[in-house]
Amino acid sequence: MANSSIDGRWPLVSRVDEVQSFREHLASADLGNCTIRGSAGVGKTRLAEECLAEAAAQGYACSRVIATAATRTIPLGAITHLLSAAIVSDPGGLFHPAVQHLRAQQKKAHASLWLVDDLHLLDATSAVLIGQLVDAREIYLLATIRSGEPLSEAVGSLDRGDRTHRIDIEPWTAEEVETVLQTVLGGPVERGTALLLHQASQGNALFLRELVSGSLHSGVLVGDGGVWRCTGPVSGTRRLTEMLQSRIESVSPQGRTTLEALAVCGSVGAAEPPPAVLDELERAGLARVETDGRRATLTLTHPLYGELLQKQVSSVFRKQLLTDRVARLERTGRRRRGDPLLAAQWSLDATGTADPDFLTRALAMARGAEDYESVVRIAQALCRLQPGSEPRLVLGDALFKLGRFDDAEQALADAASVAQGDEEILHATILRTHTLAWGALRLDEALTSNKAARLRLTSTEAEEELRVDEASVRAFLGDYGRTLRILNDLEHMHNARARVMGAIPVVYALSEAGRNQEALRLANEAYQEHLAAKSIIAVADPRMQLVSQLHALAQAGRLAEARTLGEETYALASADHSLFCQVWIAVGLGKVEHFAGRLPRAFEWFTTAAALASDARFKGAQWLSVSGLAQVTAALGNRAKVAALWKQVCDLGPAGYTRPDVATLPAWEMALNGRLSEACAGFMEQAERARALGSLAQESELLMDVARLGGARRVRRRLEELARVCDSPVPTARAACAAALDQQEPAPLLAVAERWDAMGFALFAAESYHAAAAAQRRIGHTRAAVSAGRKASALYAQCGGAHVFGIGLADMPALLTMREREMAGFIGRGMSNQEIADSLSISVRTVGNHLYRIYQKVGAKNRRELARIVNDGLLPQEDQP
């Protein structure tokens, strides 16, 4: 997936509104100056170049001026190349000679447009002359200005006035950075990587470019598996380092000292530096003041400055500075909520240790904020100071959530060795079970550990937690009926921790049992209760409640809500490096998009999940991720890759266990090879297994696949039964779809297509519209068939080239041949039959015969209607060889 254009000129992306704004200004009757403002590196010059090209395309005589600090000291230094030698040598009375020279240079009676890059660096003489030429409408001015730079009076006048059009450009948002990366890299980008690069670049176009280039050349940014992702910290280029260093060295020694303090401590009070230093750093774009209530703090404008400065700060200065900051917080009584955590981190940085009580308070704050990296650091320090199991349990929990399973297992083993009493033993057992089950996919060992602990711990509350522990493993294996039987008293449990953690597998099981309203109610209640209890040891990340809620929303047919919830949660999990939550959300979003038929997006999410899980050796999530990837690949029709992925699924899977949704992969492989009867038998077998395991939703899904492959009559009755017992509209739609496919009548097929479309199931809607189009053609309703076919094509385009399976679906609508498309194009251009005949060297009669067939295929009554269809871009695609 390497892209050789990374180091070349990047395409202009995510500046459509700004270009349109300039285009409208260019077309205005009272055209004046246009200035583009923004911070350094935000992309002003790139946007200005695009605007200059737009003006040139409209016939303007375009010229470019680059103002620099060097030319600023020379009168007319920046614009010498645009004036004659005589004017430059005698700068007195510039205006009239300049006008004469410009008019002599212009070969066409069209206006001139000058682009002045970095207008704030333009010398005063040039600024005065340009102002005169603009006022006389001899030229039009397009200029870039760096925000915050002081402007001379002459230059400032060019940025003022009623006729000046200003375009302010801001750094890219996280979504815009993702769009840019996908365009530049030529493929999908893992969401966490896009967020990481946005955070590192702060949306600055120049910084982003150098970070992408540096990370590619260092091998950190890789494109294996179909999705671009970072496998480590991003790195910049030498050019970026030199650029940042140059800006840092431009400030005074006092300014440099303040910058170093910001790099080490993150922030200082805005009142600490002298006003002159504060002003200097703000003007240089190196630091900014942020206000939080009554407190104003000074921070670096970009984290890259901090990374560079920290490498240059001496250890003595660093230690002394941190010690002083801790002492300052001690004197003020650590009044702000975050002060204890800051003080603990600074103490650890300075001395490697801190007061245990101090660290304990900071640890509770870090856990409450779900800052797992800080939790690990503080818990490790506490483990060196305290002999008990408590800090080791917290450490193991945080390591687990960060996906560091080997380290988590070691910490939990240490915790178990010093655990005393039921509570400590219970926590160690649960965390170890999770590590064995989800991290290592050693399910037998996980269940054995659970069973052994239940023999040792006899209290009611402990027994409740261990039942939840077992139910979580059973739900992971797809045994939803057993999950509900184990936790049938969940809402009456005395143990709040068990009740909260038990909600996660129960929500999955309820939604799979077709009890979606119960599932969603429980998910909402459990999430709120979980937030209140999130500091309790052995309680999972509260966002894991949202993973199960995501699943329940999808099963309830509320795909848009599920997508929004998942994407927002994924962004938060990526920001705080919660790998465990990040991977499961990616799996959940892959399932949502697969449900919706948005196969390219589903492929991206499953690939992302598989890559993250593989990097962290998170086998449980990797198994389901690769399985989902295989199912999407089957839907895309890639037979060879499905076989390879099925082998990978088998290699990864737990010995002696499988799930009906995973076990359908051989059936998909059969379907791709045209063995539809065998495929249907495979789906029926797994549907029976799903039913036995208490998953009516999955049974309904698998029976729907049988209907799509031509077995609608075979499964119609059972789907209708499932629709009656499930409270989701999805099984109801599946039953209606099977009935319509069985009847093959246009009206029911159109009705079910519209239902799927309204619910957001694009692939099923497309297939149903295709079937309706075929049914319309069979009864001679050509125009209605074409209309349904167009809707199908539009929806099908959203599905990324999904493979359309055989006998359950009607053939695609009749398509135009290459010659017919050629003739239709001639009609669109207004050519007569004779003109077409002459152009193609055929008879007029042959042209008429072709046109008759075209009218029938596209549903046009006459050539005028055909011309409209052609010019509106509504022609079906051409036949494929």
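Me: Among contacts in the protein between residues at least 6 apart in sequence, what share join residues at least 24 apart?
Reply: That share is 67%. Keep in mind that this is a predicted model.

Me: Thanks! What does the secondary structure come to?
Reply: The protein has 43 helices and 10 strands.

Me: And what box do the C-alpha atoms fill?
Reply: Taken along the principal axes, the box is roughly 100 × 100 × 40 Å.

Me: How much of the protein is buried?
Reply: Of the 881 residues, 55% are buried.

Me: Let's move to helix packing. What numbers describe a packed pair in general?
Reply: Two of them: the angle between the axes and the distance between the axes.

Me: OK, at what angle do H19 and H20 cross?
Reply: Helix H19 (residues 405–418) and helix H20 (residues 421–439) cross at roughly 155°, and their axes come within 9 Å. That angle makes H19 roughly antiparallel to H20, since angles over 145 degrees are counted that way.

Me: Is that crossing left-handed or right-handed?
Reply: The crossing of H19 and H20 is left-handed.

Me: Which residues make the contact?
Reply: From H19 you have Phe405, Ala408, Glu409, Leu412, Ala416 and Val418. H20 brings in Glu424, Ala428, Leu431, Arg432, Thr435 and Gly439. Sorted by class, the contact of H19 with H20 has 7 nonpolar, 2 polar and 3 charged residues.

Me: Next pair, then. How do H21 and H22 cross?
Reply: Helix H21 (residues 443–456) and helix H22 (residues 460–476) cross at roughly 165°, with axes that come within 10 Å. H21 is therefore roughly antiparallel to H22. The crossing of H21 and H22 is left-handed.

Me: Who meets whom there?
Reply: On the H21 side, Leu443, Leu447, Asn450, Ala453 and Arg454 take part. They meet Glu463, Leu466, Arg467, Asp469, Glu470, Val473, Arg474 and Phe476 in H22.

Me: How does the contact of H21 with H22 split by class?
Reply: There are 6 nonpolar, 1 polar and 6 charged residues.

Me: I'd also like H38 and H39. What is their packing angle?
Reply: About 160°, for helix H38 (residues 762–778) on helix H39 (residues 782–798), with the axes 8 Å apart. This makes H38 roughly antiparallel to H39. As for handedness, the crossing of H38 and H39 is left-handed.

Me: Which residues of H38 and H39 meet?
Reply: H38 supplies Ala762, Ala765, Ala766, Tyr769, His770, Ala773, Gln776 and Arg777. Those in H39 are Ala784, Ala785, Ala788, Gly789, Lys791, Ala792, Ser793, Leu795, Tyr796 and Gln798. By class, the contact of H38 with H39 counts 11 nonpolar, 5 polar and 2 charged residues.

Me: Where does Asp118 lie?
Reply: In the loop between strand E3 (112–117) and helix H5 (124–135).

Me: And Gln202, what is its phi near?
Reply: Near 55°, which is again a positive value in a residue other than glycine. Gln202 lies in the loop between helix H8 (191–201) and helix H9 (205–218). At 32% relative accessibility, Gln202 counts as partly exposed.

Me: One for the side chains: is Pro391 buried or exposed?
Reply: Pro391 is buried, with a relative accessible area of 4%. The residue lies in helix H18 (residues 390–401).

Me: What does Pro391 touch, not counting residues up to four places away in sequence?
Reply: Ala379, Leu382, Cys383 and Gln386. As for Ala381, Pro391 is 10 residues away from it in sequence and 9.0 Å away in space, C-alpha to C-alpha.

Me: Last one: is Ser677 buried or exposed?
Reply: Ser677 is exposed, with a relative accessible area of 63%. You'll find Ser677 in helix H34 (residues 676–692).

Me: How far apart are Ser677 and Ala263 in space?
Reply: They are 67 Å apart, C-alpha to C-alpha, and 414 residues apart in sequence.

Key
Residues numbered from 1 in each chain as written. Predicted model: local features only at pLDDT ≥ 70, side-chain atom pairs only at ≥ 80, totals over all residues. Heavy atoms only, no water. Axes fitted to C-alpha atoms, helices over the stretch in contact; angles between N-to-C directions. Helix = DSSP H or I, 4+ residues; strand = E, 2+ residues; numbered from the N terminus. Parallel < 35°, antiparallel > 145°, perpendicular 65-115°, else oblique. Left-handed = near helix turned anticlockwise from the far one by under 90°. Contact = heavy atoms within 4.5 Å. Nonpolar A, V, L, I, M, F, W, Y, C, P; charged D, E, K, R; others polar. Buried < 20%, exposed > 50% of the residue type's maximum accessible area, 1.4 Å probe, protein only.
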